[in-house]
Amino acid sequence: MFRDDPDPQPVRNWRGEAGLKLPFYRRGWFSALVAFALLCVVSVFGVYSVIVAPLRRDAEKYDLEELKKLESASIIFDRDGDEMARLYVLNRTPVPITEVPQHLIDALVAQEDSRFFKHDGVDYIGLLRAVKENIVAREVTQGASTVTQQLARQTFKLLERSYKRKILEAFIAQRIEKHFSKAEILELYLNRIFFGVNFYGVQAAARGYFGKDVKELSIEEAATIVGLIKSPNNIQPIKHPQRAMKERNYVLERMSIEGTLTKDEAAKLKKRPLVTAPQSTDPRLSYVFDAVRREVVDLVGEERASIGGFRIYTSIDQDLQKATEEAVSKRMAEVEKRPGYEHQTFAQFRAILADYRARMKRGEIDPATPKPLPEYLQAAALMIDNKDGSILAMVGGRDFGDSQFNRATDGVRPAGTAFTPLVYAAAFSSPGLYPGTKVDDAPLDNRRVMIGGLTGILGEWGAEVDNPKWTQAPMSSREALVQGRNSATVRLGERVGVPMVKQVAQKAGITSEMRDYPSTFLGASEVRLSDMCLAYSNFPTLGSRPQKLNLIQRITDNNDKVVFQISEAALRSVQSMDPIAAYQTHTCLVDALHRGTGSPAVSDYKLGEFVAGGKTGTHYEFKDLWFLGYTSGVTCGVWAGFDKQKTIFPGAFSNHIVLPVWVDMVNASATRYMPKDIEPPQTAERVEMCQRSGMRATDYCYEKIKGPDGREKSVRSTYFEYLRPGTPLEGFCNLHTGEGLPVEIKQFGYQSPASGFGAAPLIASSNRWVHIEPVRMKALTVIGEDPYNSEQAVPRASPVNDDGTPIRKAIPVDAVDTPDEDGPKLKLAPPPPMKIEL
C-alpha cells in the first residue's frame, strides 16, 4: 500500500563522497546551545526571583516625600530665651532651581551625568562603559551613578558598598524619575548634597567659599563648586586651592566636550585664578554658632540634624558675648600699636588679602598661588558660670572668616605662670604647708627646671616687671605667689613633687597631658583655655567645680517636643580640691590681683570694687600670655599669642596685654552676676598674722604711715589667715616691739613669749579659746620696776545707763535649804501672765 523510500544515495562533489547532512536542530552543538540558553534563562529567573524582585519590592517601600524634607532653619536662643540667630544646623539654605544659573547646571550635568536629560534614572550606556573600564583596569575606577541615583543614595542613606545597594538604588531612581520632573530632581539634588567644611547645598557652598549667592556665581566659580562633589573635604578650595583648581579645570574641559562651552572659552577660563572670599559677616560663621552647630550634630546625630527646625537653647549671655568680642577686638588693636611690636597687624592682613584678590583678578600672579594666611596676633576669651559650668561668652579668635580654629576650646598652649596657683594649691593641700610657709627667694640654676635651656639662671619673667631682683631672703609662700617669684615657686613645688602637682591639676579640671618634669611647676605643659577656666573655678567655690563646661541646655523640635535636655546630674558640682587649700590659694590670688602682678587691673584698667582674684601668666620668651581670674559668680580666661609660636615682643607681659581684656569682661559681668564675699570653710581656724614678719601677730604689730596731711599714724599691719587645724606656726612676731607707739596702744601690748623663751611652735588650734573673755586685773600687781614683765592693769570702760548709773548685772539667787532629799531649791518669782492675741 505504501511505497518504501529508496535508500539514500551518497552525494558526491569535488570534495569527494559526503555523508548524510542532518538538520541543524538535530546537531549536537545546537542541543548544547539550547541547553545553555535554558540554563541562563533559569539562572536569570532565579536571580530575579531571589535577588532582583525583592529589591524591586523594597524600592516601593521608600517614601518619596522624604526627598522634599530638606533641613528647616533652627532658632538659637540665649540663656534668657531671646532669639540670637536663625541658622541651618548643617549650614543649608535651600534655593529654588530658578535661582541656579544655567552654567552651574551645565557644569553639573557635564561632570556627573551627561545623559541626565535622556535616561529614566539609570544610564545603561554609562553603566556598560564603567563595567568595561573597571574590567580593563581590574579595579573599580569608574562609577555609573546618575544624578537621580545619587539623590536616592543621599536621601535614604544607601551607603553600603555592594551590588544589592546599587540595584536598589537604581529601582528607587526609576521611581523618582516617574514622580518628579528633571527640574525638580536637580533642585532637590543641589539643595541636599554636601560640599565640604560644613556646607550643605549649593547656596551654602556659594556663600561659604565665595561670599555670594548662588545666582551670582561666575562660570569658573560654578565649576569649582561642582568639582567638589566627588570628594568635598579633600578638594575644598579654602584648604586645598591647588586641588580645587585642578578639579575645576577638569569640569571646564567636560563642559567643552559636552558642547556647553567652546574649547576657546574653556581654555580662557582655565587660566583664571581661583579666588575665594568666605563670608565672614554672616552670623552663622562665628565661633559661638559654629560650636552650637557642631554640638547639636553630636547630640542628635547628623541624620536627625539634617531635618532641622530645632529650637536650641544655649547658655550664652548676649550682652556678655558682645562685651567680650568688643574687648578682644579693641585691646588687641591697642597692642598692635605698642612700641616694639613688629609683627603683622590685623589691618595689614586685610590689606594683604584685598591686594591678593585684586592681583588674582588682574592675572598678575600665578593662579596656583595659595591664599595668604593670617599671621597677626590672635586671642581667645572664655567666661563660665562657676555654679554649673555654663559658657556665658566665648571668642575663639579675632576673625572666624580668616581662621575657623577655635582657640578657646581646641587650642593647646603652655600656660606659663598662670599654672602656678595649682602648684600652691597642691602645696597647701599637704600637711604643715600654708601661705605663711617660708620659701627661699634666691637665684636658681636652670638645670633644675630646664625651661628655654639647660644652663644659666632661671628667669623671673613671672614677676611681670623688667629687671626683677631676688630678695635673697626667705619669703612667705603667699608673697611668692602674689609677686610671681618663679624660683620660690619651684622650690615649693619640689617639696610636694611633680606627681602631687599633676594629681591636683587633673582633679581640678586639666585634661591634657602634663610633663613629668619640674618645668611643669612653671606651666611648660600645654593646656586648653577651657580647662584652665574650669580649674580656676575651684578657688571661689572652696574646691567645688562644675563637672564640665556646657553650651546647649535644651533642644526641641518644631512640635516643641524635647529632643535633648541637659540633666540635673550633669549640672552638679564635684568636690575636686581640698576646701581649705582652695580658699588659701584664693586669698593669695586676691592679693595678686590687687597688689601683686595683676595690680594694673585696679590702677590702670579700673577694675570694679568687688571681691575678685586672678593670676597673670607669661610663658618663656613672651610667646604665650594668659590671665585667669574670677569673682564669686564667674570665671574668665584670656589668651593671646601667635598661631605659630613666637615672641610677641620683649617685655610683653600679660598684665598689660591680656589683663585689660579680662577686666573689661569681669566689669561687664558684675551687673548681672553680682560679686559676693567668698566665705572661708567652717573647718578652718582664723589666725591673725603679721604682714611684715609672716608670724602670728601681737598687739605691737603696727606700722607708721603718713596720712594726706603729712602726719604719721600707727596702722595695724596684720591680716587673717585661715589655717587647717593642727598647722604648726613659727611663733609670734618678733619684729614689732612697740617702740614709738602711743601709750593707749602700747598699754594693750604684751611681750611675745617667743622673744623671751625661744620660738616654741604654736598650733592654730590654740585659737579655739578666743571666744572666752580674758581675766583682766583691776589694779597694779607690781609697783616700780617689774623684773618679770608681768601683765599690767589696763583701764577698762564699764557699761552705764543714760543717767550714768551702772548697768545692773544678773546675779545668782540664793538657795534655800529644805528637807527635800533632792537637794537645794531655787526660790524664783512667778512668771508674769502671758497675753496671747489670735
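## Helix α2 against helix α10

In this predicted model, helix α2 meets helix α10 through His 103, Asp 106, Ala 107, Ala 110 and Gln 111 on the α2 side and through Tyr 250, Val 251, Arg 254, Met 255 and Glu 258 on the α10 side. Sorted by class, the contact of α2 with α10 comprises 5 nonpolar, 2 polar and 3 charged residues.

Helix α2 spans residues 102–112, and its axis lies 8 Å from that of α10, with a packing angle of about 90°. Since angles of 65 to 115 degrees count as roughly perpendicular, α2 and α10 are therefore roughly perpendicular to each other.

Arg 254 and Glu 258 are 4 residues apart in helix α10, so about one helical turn separates them. For the model as a whole, the count comes to 39 salt bridges.

## Helix α10 against helix α11

Helix α10 (residues 241–258) also packs with helix α11 (residues 263–270), their axes coming within 9 Å and crossing at roughly 170°. Because an angle over 145 degrees counts as roughly antiparallel, α10 is roughly antiparallel to α11.

On the α10 side the residues involved are Arg 248, Asn 249, Leu 252, Glu 253 and Ser 256, and these meet Lys 263, Ala 266, Leu 269 and Lys 270 in α11. By class, the contact of α10 with α11 holds 3 nonpolar, 2 polar and 4 charged residues.

## Helix α4 against helix α5

Helix α4, covering residues 147–156, packs with helix α5, covering residues 163–179, at an angle of about 105°, and the two axes are 8 Å apart. This angle makes α4 roughly perpendicular to α5.

The α4 side of the contact is formed by Thr 148, Gln 149, Ala 152, Arg 153 and Phe 156, while α5 contributes Arg 165, Lys 166, Glu 169, Ala 170, Ile 172, Ala 173, Ile 176 and Glu 177. In terms of class, the contact of α4 with α5 has 6 nonpolar, 2 polar and 5 charged residues.

Key. Residues numbered from 1 in each chain as written. Predicted model: local features only at pLDDT ≥ 70, side-chain atom pairs only at ≥ 80, totals over all residues. Heavy atoms only, no water. Axes fitted to C-alpha atoms, helices over the stretch in contact; angles between N-to-C directions. Helix = DSSP H or I, 4+ residues; strand = E, 2+ residues; numbered from the N terminus. Parallel < 35°, antiparallel > 145°, perpendicular 65-115°, else oblique. Contact = heavy atoms within 4.5 Å. Nonpolar A, V, L, I, M, F, W, Y, C, P; charged D, E, K, R; others polar. Salt bridge = Lys/Arg side-chain N within 4 Å of Asp/Glu carboxyl O.
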